[in-house]
Amino acid sequence: MTPFTTRPSHPSKFKKRALLAAAVLLVHGGFMAPASAQDSKAVAKVGDRMITAGDVDQALLDMGQQFQNFPEAERRARVLDSLIDFNTLAILAKQDGIDQDEAVKRRLALLQARALHNGYFQNKIQPLATDEKLKARFDAEIANAKPEQKVSARHILVKTEEEAKAIIKELEAGADFAELAKQKSTGPSGPKGGDLGEFGKGQMVPAFEAAAFALEKGGFTKTPVQTQFGFHVIKLEDRIDQPLPTFEQSKNQLRQLLLTEAYTEAVKAGREKLGIEVLDESLKLPEPK
């Protein structure tokens with residue numbers, strides 16, 4: 001067995017916080033289509049209700065995935081046809097008084113709140129992530145950042161501590177590590193001379209990682225390293241400093257980060273301004289620890 005963990009590569013400082021950003025930004029699906037001079041152009045009529053080009057643009061943003069299998073030239077026509085269906089039944093529903101049904105009212109209120117929430121985000125929060133602010137944040141982050149280090153290593157995996165100790169004695173006597181790995185390692189890297197390639201922190205099980213990163217270049221472990229896979233003898237081939245990310249490489253993650261922070265601050269300020277009270281005790285979230 002190879003001593004990899006189930007964790008992905010060790011994320012950078014930016015990537016860690018971008019995970020939260022991505023989770024928050026998912027809430028804002030269904031942004032409004034940007035305004036254009038063509039928005040008010042009527043493209044269809046249902047009774048007395050006009051459907052405009054802007055309505056089609058917005059529906060494409062909200063429902064585009066449903067029509068992705070149609071040719072692009074046909075997609076807008078398909079979306080418009082759906083809008084005609086929606087508006088047809090919506091008008092009939094209003095004529096029949098269905099818009100006064102309590103469940104329908106709740107649904108309409110929810111849809112309106114979500115649309116306004118997304119509109120606030122698009123108009124008030126998104127513009128805050130300017131290139132100037134992104135660059136200033138990048139400079140502040142990078143000033144305190146240290147290059148992440150990777151290592152390249154080989155290992156020999158055996159079942160017992162006694163076998164591992166015997167291998168260490170052979171290495172101390174001058175045996176070739178790669179040849180011993182081919183002969184004696186039970187891991188899948190054995191035929192390759194125990195070569196594990198490059199890996200960073202967080203990619204190997206803790207005991208293996210600690211031992212590998214503690215070695216000097218060209219050195220091998222003088223005592224067996226035990227993991228759930230067995231007993232390892234590890235040789236460090238090289239240390240590789242990973243270059244720090246450039247501004248262009250970090251820009252999208254930084255934008256997500258700034259937008260998340262601005263969103264969180266806007267919600268916090270809004271809650272304080274309006275006053276929030278959860279009246280049902282069973283629906284209260286636990287206090288953060």
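Student: In which strand is T52 found?

Tutor: T52 is found in strand β2. Helices (H or I, at least four residues) and strands (E, at least two) are DSSP runs, numbered from the N terminus. Residues are numbered from 1 along each chain as its sequence is written, and side-chain values use heavy atoms, with hydrogens and water left out. This is a predicted model, where local features need pLDDT of at least 70 and side-chain atom pairs count only at pLDDT 80 or more, while totals for chains, interfaces and linings use all residues.

Student: Is T52 buried or exposed?

Tutor: Buried means under 20% relative accessible area, exposed over 50%, and partly exposed in between (1.4 Å probe, protein chains only). T52 has 17% relative accessibility, so it counts as buried. Leaving aside residues up to four places away in sequence, T52 touches D39, S40, K41, A42 and V43; contact means heavy atoms within 4.5 Å.

Student: How do I read the pairing of β1 and β2?

Tutor: Strands of a sheet pair through backbone hydrogen bonds, either parallel or antiparallel. Two strands count as paired if DSSP finds at least two bridges between them. Here β1 and β2 run antiparallel and are joined by four bridges. A42 stands opposite T52 in β2. The hairpin has two residues between the strands, and G47 takes a positive phi near 60°.

Student: Which elements do the buried residues of α2 pack against?

Tutor: They pack against β1 (42–46), β2 (49–52) and α3 (72–95). The buried residues of helix α2 (residues 53–63) are A53, G54, V56, Q58, A59 and M63.

Student: How many strands form the open sheet, and in what order?

Tutor: Four strands form the open sheet, in the order β4-β3-β6-β5, with antiparallel pairing. β4 (195–200) and β5 (225–227) stand at the edges with a single partner strand each, so one side of each has no neighbour in the sheet. From one strand to the next, the twist averages 45°. β5 pairs with strand β6 (residues 230–241) over three bridges, and Q226 stands opposite F231 in β6.

Student: Which strands does helix α7 touch on the sheet?

Tutor: Helix α7 (residues 177–184) touches β3 (149–158) and β6, and its direction makes about 45° with that of β3. Helix α8 (residues 206–214) also packs on the sheet, touching β3, β4, β5 and β6, at about 50° to the direction of β6. For such angles, axes are lines fitted to C-alpha atoms, for helices over the stretch in contact, and angles run from 0 to 180 degrees between N-to-C directions.

Student: At what angle do the axes of α5 and α9 cross?

Tutor: Two packed helices are described by the angle between their axes and the distance between the axes. The axes of helix α5 (residues 131–143) and helix α9 (residues 247–274) cross at roughly 105° and come within 9 Å. α5 and α9 are therefore roughly perpendicular to each other. Angles of 65 to 115 degrees count as roughly perpendicular, under 35 as roughly parallel, over 145 as roughly antiparallel, and the rest as oblique.

Student: How many helices and strands does the protein chain have?

Tutor: The protein chain has nine helices and six strands. Buried residues make up 31% of its 289 residues.
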